[in-house]
Amino acid sequence: SKKVERAVNLPSDARRGLFYTAAGLAIVSDDPRRIYVVDPDSLQLRRCIHAPGLLQFFQATPDHYSACASSPLLACLSASNRIALINLETAELVADDYLRSASRDGSIRTLQMSPDGKQLFALTGKQPGQLHRLAVAESGWTERESLAIDHTSPCLFSGDGKKLAVSSPEG
């Protein structure tokens with residue numbers, strides 16, 4: 001039997017997504033305007049980012065958030081199809097903009113941040129879709145390139161961050 005070493009008591013709404021970041025564990029609440037940041041070693045709550053004006057339109061589904069262990073940034077997708085970056089150490093919104101290279105049906109399906117925190121990939125559209133690569137910095141993100149693909153399935157980085165896997169309808 002396994003023993004629980006520590007537990008943290010968070011409000012009952014803290015259950016939408018769990019992300020390991022350089023700022024700590026980011027836990028997205030049912031109310032997407034609230035993000036809890038927890039120390040991964042002590043399980044002490046470091047901060048609760050509550051920004052009703054900033055995040056009021058954000059969707060609370062795990063595919064619409066992405067983070068990595070080497071960066072304090074949390075990427076979020078807004079309901080108005082904007083990509084935002086929140087610095088979890090400073091609780092600041094450092095970027096919030098539209099993906100300009102997206103096609104007319106450019107609704108963003110999923111976000112995936114690279115393990116080094118320097119790139120963010122967004123899958124947009126229906127059939128066919130587009131895969132967009134964004135350069136990420138502490139001050140925001142910049143569009144780099146996009147590629148037409150025949151589907152819009154979730155994507156995942158390899159452990160070393162050198163390859164991006166995108167599933168196909170054939171499996």
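Is Leu 134 buried or exposed? Leu 134 counts as buried because its relative accessibility is 0%, and buried means under 20%. The views below show this predicted model.

**View 1. Leu 134 and its surroundings.** Leu 134 belongs to strand β11, which covers residues 129–137. Its contacts, leaving out residues up to four places away in sequence, are Ile 83, Leu 99, Lys 118, Gln 119, Leu 120, Trp 141, Thr 142, Glu 143 and Arg 144. Lys 118 is 16 residues from Leu 134 along the chain, and their C-alpha atoms are separated by 8.4 Å.

**View 2. The open sheet of four strands.** The strands follow the order β5-β6-β7-β8, and the pairing is antiparallel. Strands β5 (65–66) and β8 (92–98) stand at the edges with a single partner each, so one side of each has no neighbour in the sheet. Two bridges join β5 to β6 (residues 73–77) in the antiparallel sense. Within this view, Ser 66 stands opposite Ala 75 in β6.

**View 3. The largest nonpolar core.** This core has 16 residues, and those with the most contacts inside it are Ile 83, Leu 85, Ile 108, Leu 111, Leu 120 and Trp 141. At least two residues of the core come from each of β6, β7 (82–87), β9 (108–113), β10 (119–125) and β11. Another core, of 13 residues, lies apart from it and includes Ala 26, Val 37, Ile 49 and Leu 88.

**View 4. Contacts of Leu 85.** Not counting residues up to four places away in sequence, Leu 85 touches several residues, among them Leu 73, Ala 75, Val 94, Met 113, Val 136 and Trp 141.

Conventions: Residues are numbered from 1 along each chain as its sequence is written. This is a predicted model: local features need pLDDT of at least 70, side-chain atom pairs count only at pLDDT 80 or more; totals for chains, interfaces and linings use all residues. Side-chain values use heavy atoms; hydrogens and water are left out. Buried means under 20% relative accessible area, exposed over 50%, partly exposed in between (1.4 Å probe, protein chains only). Contact means heavy atoms within 4.5 Å. Two strands pair if DSSP finds at least two bridges between them. A nonpolar core is a set of buried Ala, Val, Leu, Ile, Met, Phe, Trp, Tyr and Cys residues joined through side-chain atoms within 4.5 Å.
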